[in-house]
Amino acid sequence: MRITTETLPQRQVALTIEVDPERVEKAMRQVARRFAERYDIPGFRRGKAPYEIVVRTFGREVIFEEAVEVLSQEVYREALDQLGLDPYGPGQLERVDPEPLTFRVIVPLKPEVRLGDYRSMRLPYEPPEPTAEEVMEVLERLRRDHAIIEPLSEGVAEPGMMVTVALQARDAEGKIVLEDEVSFVLGHEEPPLPGLAERIAGMALNEKRQFELPWPGDESRVLQVEAVLTGIARYFLPDLDDALAQTIGEFETLEELKAKIRQDLAAHKRRQYDAEYAERALEALVDQAEVEFPPQMLEEEINDLLEDLERSLRRRGKDLESYLKERNQTMEALREELRPQAERRIRRGLVLYQLAQEEGLSVPEEAVEQEAQALRQRVQASEEAWKNLEAQVSATIRSRLLARRALERLVEIVRGDVEVTAEAELTSEAEAPVVERASTSGAPK
């Protein structure tokens, strides 16, 4: 057996494997023997027909093709062992030449990642501090949350009142595009439609009005609006004083409340900044790294993205076929659309994995087991189902935790904190801070 190799782009190598004629003849005789044992040949008991008779009965071409099928697997494995190749996936048989019997196989190699001098990477770390204006915005939201609302049984809508309006808006063709009942403080909060506040001002309780308003974001189009004032109420904001602070929480003074708001805002902005900082660090490392991977890996990643899309569509009661019809798109076009995203995911994943290897990072098995069991509880998997899923689930969790640890280490490096090597601990969410409580309240917007 003679082997020649040709290095191809994108982590592939072409093997040209020439098989000795003697081995081809031996393989053909083995195939003929199996045929003789499997099929009835006139004049001979099964397994007793001579080679020449079997060839004459079935045809040399048939015997040769069967031998080629067997030899293609055998010589491919032998060639990999002889060359010391550890392929990423199955090889692709590109061509077979019959005389002499020669196989040309394209072998996908495992990805190769060169990170470069990543230890010298630095990014300025400057998390922003909350401004006085941002603290006041939170205080104003808290004031609105604790406003005193006094419904009125009669009267007209005036600035400073809370109004409730039943709206129905139609487009030029008469189709209803908005039908809702909304509440807002007239003159102090933005209504859902531009110009609505001016049209509501002066309306009496239960009065109906019809008017035109510009389409939100497109003043060249108009909406036909019908509005009914279904409620009005006096709206009193509490003073910004110590009493308000004592109402909101365990604060003695307004200054204590402001300090807590400032602290919560700083933590919130820090979390946002840290996430953006980690993303910038990863993008910088990916841009610097040299990453090569075989086309087969990219196609598999596209398949994974398609499966994600199909699951998302099923949750919305749709399927991939109808999705393609809606977009007037072929499957081939959709795959091409997903290709850049798939390539980006591969590059990021490979870079993080390589970083983890070079930094000697690992994931404690107890952390993997803890997450796996938590997932099992959430999905309520049976004992039998879990036996089939546990290994795959654990591998996925292990990979995700390792990627997270690698990203944490990258942040330590680009900040210049490479001496910090402690494993990050998963922390539970603390009690919602004042900032979050204010922003998620049920007060009218």
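This is a predicted model: local features need pLDDT of at least 70, side-chain atom pairs count only at pLDDT 80 or more; totals for chains, interfaces and linings use all residues.
Helices α7 and α10 form a crossing pair. Helix α7 spans residues 254-288 and helix α10 spans residues 331-358. Their axes come within 10 Å. The crossing angle is roughly 90 degrees, which makes α7 roughly perpendicular to α10. On the α7 side, the contact is made by E279, L282, E283, L285 and V286. On the α10 side, R344, R347, R348, V351, L352 and L355 take part. By class, this contact has six nonpolar and five charged residues.

Salt bridges were then examined. The structure holds 44 of them. One joins the side chains of R143 and E140, with an N to O distance of 3.2 Å. Both residues lie in helix α4, residues 132-145. They are three residues apart, about one turn of the helix. R143 has a relative accessible area of 15% and is therefore buried, the cut-off being under 20%. E140, at 23% relative accessibility, counts as partly exposed.

A second bridge pairs E150 with R234. The closest N and O atoms are 3.0 Å apart. This pair links distant parts of the chain, as the two residues are 84 residues apart. E150 sits in strand β6, residues 148-152, and R234 sits in strand β10, residues 218-236. Both partners are partly exposed: E150 has a relative accessible area of 36%, and R234 is at 39%.

A further bridge connects the side chains of R327 and E337, at 3.2 Å from N to O. R327 lies in the loop between α9 (320-326) and α10, whereas E337 belongs to helix α10 itself. The pair therefore ties together parts that are 10 residues apart in sequence. R327 is partly exposed, with a relative accessible area of 35%. E337 also counts as partly exposed, at 39% relative accessibility.

Salt bridges also form a network. It links R119, E359, R405, E408, R409 and E412.

Finally, R376 is found in helix α11, residues 365-379. Its relative accessible area is 17%. That value is under 20%, so R376 is buried. Beyond residues up to four places away in sequence, R376 touches A381, S382, E383 and W386.

Conventions
Residues are numbered from 1 along each chain as its sequence is written. Side-chain values use heavy atoms; hydrogens and water are left out. Axes are lines fitted to C-alpha atoms, for helices over the stretch in contact, and angles run from 0 to 180 degrees between N-to-C directions. Helices (H or I, at least four residues) and strands (E, at least two) are DSSP runs, numbered from the N terminus. Angles under 35 degrees count as roughly parallel, over 145 as roughly antiparallel, 65 to 115 as roughly perpendicular and the rest as oblique. Contact means heavy atoms within 4.5 Å. Ala, Val, Leu, Ile, Met, Phe, Trp, Tyr, Cys and Pro count as nonpolar, Asp, Glu, Lys and Arg as charged, and the others, Gly among them, as polar. Buried means under 20% relative accessible area, exposed over 50%, partly exposed in between (1.4 Å probe, protein chains only). A salt bridge is a side-chain nitrogen of Lys or Arg within 4 Å of a carboxyl oxygen of Asp or Glu.
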